[in-house]
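Please review the briefing below alongside the sequence and the coordinates.

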Amino acid sequence: MLRKRALLADQLLTEARGWASELTELEIRGPGDLEDAWRRLEVRYGIPAQTFWSLRYRPQLKDMWVSVYVMLKFAVVAERERRAANLAARTKVAGILDGRAS
């Protein structure tokens with residue numbers, strides 16, 4: 001039972017690390033902006049900046065709160081939707097400017 005729990009925790013942490021990394025890469029503006037990007041994500045999604053740090057720099061991390069896991073999942077979905085909507089709006093504006101209004 002403990003072995004299954006450890007495997008599940010490892011799988012969930014791997015998934016959470018991937019989400020945290022994706023959010024960081026989408027938010028970061030350039031060299032030296034890592035911690036500021038985490039603070040902006042904290043303000044936008046309520047995920048503590050320390051969580052991003054821990055998931056990136058603490059390989060010995062064994063467990064995490066379910067609420068943080070869910071918040072990361074929702075943040076990734078919301079960020080993807082936000083960026084898709086932004087791209088669609090910019091594409092529409094570009095089409096209007098080119099005279100291809102639909």
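The points below are grouped by topic.

This is a predicted model, in which local features need pLDDT of at least 70 and side-chain atom pairs count only at pLDDT 80 or more, while totals for chains, interfaces and linings use all residues. Residues are numbered from 1 along each chain as its sequence is written, and side-chain values use heavy atoms, with hydrogens and water left out.

**Helices and their buried residues**

- Helices are DSSP runs (H or I, at least four residues), numbered from the N terminus.
- Helix 1 comprises 26 residues and reaches 37 Å from its first C-alpha to its last, close to the 38 Å expected at 1.5 Å a residue; the expected span is 1.5 Å times one less than the number of residues.
- Burial is defined by relative accessible area: buried means under 20%, exposed over 50%, and partly exposed in between (1.4 Å probe, protein chains only).
- The buried residues of helix 1 are Ala9, Leu13, Ala16, Trp19, Ala20, Leu23, Thr24 and Glu27. Their cover includes helix 2, helix 3 and helix 4, where contact means heavy atoms within 4.5 Å.
- Helix 2 has 12 residues, and its 16 Å reach from first to last C-alpha is close to the 16 Å expected at 1.5 Å a residue.
- In helix 2, the residues Leu34, Ala37, Trp38, Arg40, Leu41 and Tyr45 are buried. Viewed down the axis of helix 2, these buried residues fall within an arc of 160 degrees, so they line one face of the helix; the arc is that of the directions from the helix axis to the C-beta atoms.
- The buried residues of helix 2 pack against helix 1, helix 3 and helix 4.

**Nonpolar core**

- In soluble globular proteins, nonpolar side chains tend to be buried together.
- A nonpolar core is a set of buried Ala, Val, Leu, Ile, Met, Phe, Trp, Tyr and Cys residues joined through side-chain atoms within 4.5 Å.
- The largest nonpolar core has 19 residues, of which Leu23, Trp38, Leu41, Ile47, Phe52, Leu55 and Leu72 touch the most other members. At least two residues of this core come from each of helix 1, helix 2, helix 3 and helix 4.
- Which residues does Leu72 touch, not counting residues up to four places away in sequence? Its partners are Ala16, Trp19, Ala20, Leu23, Ile47, Phe52, Leu55 and Met64.

**Aromatic pairs**

- Rings of Phe, Tyr and Trp (its six-membered ring) pair if their centres lie within 6.5 Å; planes under 30 degrees apart count as stacked, over 60 as edge-to-face and the rest as tilted.
- By this rule there are 4 aromatic pairs. One of them, Trp38 with Phe52, is stacked, at 6.4 Å centre to centre and 10 degrees between the planes.
- Trp38 lies in helix 2 (residues 34-45) and Phe52 in helix 3 (residues 49-57), so this pair ties together parts that are 14 residues apart in sequence.
- Trp38 is buried at 2% relative accessibility, and Phe52 is buried with a relative accessible area of 2%.
- The ring centres of Trp53 and Tyr57 are 5.5 Å apart with planes at 50 degrees, so the pair is tilted. Both residues lie in helix 3, 4 residues apart, about one turn of the helix.
- Trp53 is partly exposed at 34% relative accessibility, and Tyr57 is partly exposed at 42%.
- Trp38, Phe52, Trp53 and Tyr57 form one aromatic cluster.

**Salt bridges**

- The structure holds 9 salt bridges, each being a side-chain nitrogen of Lys or Arg within 4 Å of a carboxyl oxygen of Asp or Glu.
- Glu22 and Arg80 meet in a salt bridge at 2.7 Å, N to O. Glu22 lies in helix 1 (residues 2-27) and Arg80 in helix 4 (residues 66-97), so the pair ties together parts that are 58 residues apart in sequence.
- Glu22 is partly exposed at 24% relative accessibility, as is Arg80 at 45%.
- The side chains of Glu27 and Arg40 form a salt bridge at 2.7 Å, N to O. This pair links distant parts of the chain, with Glu27 in helix 1 and Arg40 in helix 2, 13 residues apart.
- Glu27 is buried, with a relative accessible area of 6%.
- Arg83 and Glu79 form a salt bridge whose closest N and O atoms are 2.9 Å apart; both lie in helix 4, 4 residues apart, about one turn of the helix.
- Arg83 is partly exposed at 31% relative accessibility, whereas Glu79 is buried at 1%.
- A network of salt bridges links Glu27, Asp33, Arg40, Arg44, Glu79, Arg82 and Arg83.
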